[in-house]
Amino acid sequence: MPTPSHGLAAHGISVRYLHRLFEAESTTVCQWIREQRLHECRRELVVRAAESVSLGQVARRWGFTGPARFSRAFRRSYGLSPTDWLDRERASRAAGDAPC
C-alpha cells in the first residue's frame, strides 16, 4: 500500500524537507491540509446551499471523522458553526446576494 512518503519520494522530496518548506510559511503540513479540506467543504456547501445537505456527509467526504470534529474545525477557521454559516448563506441567496 502506498504511503505519503512514497508519493514524496516519487517527486524527489523527503518528509523532512516538506515540513521545512511549510515552516517558511508559518504553518504545518497538517494545518495546510486541514485548511484545504475545510475550504472544499465550504465550497461544496455553497454549491449545495439551496438543497437539503447533510453536513455529516460533506464532512466525511472530505476526510473528517464525524460532524462534531468537522464543526469544531469549521468554527475555529470561520468563526461560525457550519449550520450557522449555511443558514447565513441560504438567507443571503434568498435575498439575492452573491455567494460568499
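A polar contact of 3.0 Å joins the side chains of T27 and Q31, where a polar contact is a pair of N or O atoms within 3.5 Å, one of which, within protein, must be able to donate a hydrogen and the other to accept it, and where residues adjacent in sequence count only if both atoms are side-chain atoms. The model is a predicted one, in which local features need pLDDT of at least 70 and side-chain atom pairs count only at pLDDT 80 or more, while totals for chains, interfaces and linings use all residues. Residues are numbered from 1 along each chain as its sequence is written, and side-chain values use heavy atoms, with hydrogens and water left out.

T27 lies in the loop between α2 (15-23) and α3, helices being DSSP runs of H or I with at least four residues, numbered from the N terminus. At 18% relative accessibility T27 counts as buried, since buried means under 20% relative accessible area, exposed over 50% and partly exposed in between, with a 1.4 Å probe and protein chains only. Apart from neighbours within four places in sequence, T27 is in contact (heavy atoms within 4.5 Å) with F22, W32 and E35.

When neighbours within four places in sequence are left aside, F74 is in contact with L38, R42, L45, G79, L80, S81, P82 and W85.

The axes of α3 and α5, which are lines fitted to C-alpha atoms over the stretch in contact, with angles running from 0 to 180 degrees between N-to-C directions, come within 11 Å and cross at roughly 95 degrees. The two helices α3 and α5 are therefore roughly perpendicular, a term that covers angles of 65 to 115 degrees. The contact is made by R34, L38, H39, C41, R42 and L45 of α3 together with F70, A73, F74, S77 and Y78 of α5.

As for cysteines, C41 is buried, with a relative accessible area of 0%, whereas C30 is exposed, at 53%. A search of the whole structure finds zero disulfides, a disulfide being a pair of cysteine sulfur atoms within 2.5 Å.

How values were computed:
Parallel < 35°, antiparallel > 145°, perpendicular 65-115°, else oblique.
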